[in-house]
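Please keep the sequence and the structure in view while reading.

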Amino acid sequence: MSEISWTIEPPQKKQAVLGQAKPKAKIILETEVGGTEEFFVPPTVARVLQGKEKDGVFTPSSRNEFLYELKEISTQCIKARIETLIVKRDYSTAELQKKLMLDGYQKNVRDAAVQRAVEVGLVNDSRFADVYIRSKISQGWGPLKIKTEISKKGIEVEKLSGWPDSYFSDVDEIEVAYSLAQRKHLSGKNDYEKLVRFLAARGYSFSIASLVAKKILDENATSK
């Protein structure tokens with residue numbers, strides 16, 4: 001028996017589901033030291049490994065050397081993956097970590113790659129948060145909804161410089177909420193509750209939602 005041998009099994013073909021882990025390739029490694037071991041890697045990593053093996057530049061002679069070379073390939077692939085993702089849109093650190101985890105990259109490789117991306121400025125949570133918040137304000141989101149949604153991306157708005165005053169100082173929340181609520185179709189049944197729920201779902205406090213709902217209903221009653 002040779003000291004080391006391995007086989008690569010391609011991922012099982014199945015439809016990818018958004019937000020779920022992608023199918024991974026399986027590497028079966030056999031060594032005298034470790035016996036039979038299985039490793040799951042992103043298909044991209046498996047393809048690069050196969051290409052290097054075919055070209056005769058992937059020739060590890062021990063388990064440690066195999067794992068070292070595999071990590072080097074994973075590091076190269078994850079770097080290219082991050083660059084591809086960042087070109088399309090900005091990511092928060094937590095978002096990027098989750099994306100790479102679903103791709104199938106191991107934690108030690110992910111951590112090092114994301115840290116490097118932060119160090120060179122490809123990823124910046126403060127920059128991401130600033131753009132995200134201003135974008136959502138322009139869409140009529142209130143502070144509560146923004147706080148809830150951006151927390152899902154691993155960012156705490158309380159730790160952002162100037163939150164919320166610097167973002168909402170030029171925004172009349174009542175005016176924006178009023179403009180949004182005017183678009184809501186009213187049936188004449190439970191309209192107050194509908195308007196309050198509608199505005200609360202967009203991140204406005206109960207006091208503002210209630211005030212705007214009463215204002216619209218009063219105006220509708222006066223115009224009849």
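The points below take up the domains, the interface and the cavity in turn.

The model is a predicted one. Its chain is divided into domain 1, covering residues 5–120, and domain 2, covering residues 125–223, and the centres of these two domains, taken over C-alpha atoms, are separated by 42 Å.

**Extent of the interface**

- The contact draws on 7 residues from domain 1 and on 6 residues from domain 2.
- Between them, domain 1 and domain 2 bury about 490 Å², of which 45% lies on carbon and sulfur atoms.
- On the side of domain 1, the residues that lose the most area to domain 2 are Asp90, Ser92 and Glu95, which together account for 71% of what that side buries.

**Polar and charged features of the interface**

- The rule finds 2 salt bridges across the interface of domain 1 and domain 2, and across this interface there are also 4 residue pairs in polar contact, with both residues at pLDDT 80 or more.
- Sorted by class, the side of domain 1 that touches domain 2 consists of 2 nonpolar, 2 polar and 3 charged residues.
- Asp90, named above for the area it loses to domain 2, forms a salt bridge with Arg127, in which the closest N and O atoms are 3.4 Å apart.

**Enclosed space**

- The structure holds 1 cavity of 30 Å³ or more, and the space within the largest cavity comes to about 30 Å³.
- The largest cavity is lined by Ile137, Gly140, Trp141, Phe168, Val171, Glu173, Val176 and Tyr204.
- By class, this lining comprises 6 nonpolar residues, 1 polar residue and 1 charged residue.

Methods. Residues are numbered from 1 along each chain as its sequence is written. This is a predicted model: local features need pLDDT of at least 70, side-chain atom pairs count only at pLDDT 80 or more; totals for chains, interfaces and linings use all residues. Side-chain values use heavy atoms; hydrogens and water are left out. Domain bounds come from an automatic or database domain assignment. Contact means heavy atoms within 4.5 Å. Buried area is the accessible area (1.4 Å probe) that two parts lose on being put together, summed over both. A salt bridge is a side-chain nitrogen of Lys or Arg within 4 Å of a carboxyl oxygen of Asp or Glu. A polar contact is a pair of N or O atoms within 3.5 Å; within protein, one must be able to donate a hydrogen and the other to accept it, and residues adjacent in sequence count only if both atoms are side-chain atoms. Ala, Val, Leu, Ile, Met, Phe, Trp, Tyr, Cys and Pro count as nonpolar, Asp, Glu, Lys and Arg as charged, and the others, Gly among them, as polar. On a 1 Å grid over the protein atoms alone, a cavity is a set of points where a 1.4 Å probe fits but cannot get out, and a pocket is an open set with protein on both sides within 12 Å along at least five of seven lines; lining residues have an atom within 4 Å of a point. Grid points are joined across faces, edges and corners, and a volume is the space filled by probe spheres set on the points.
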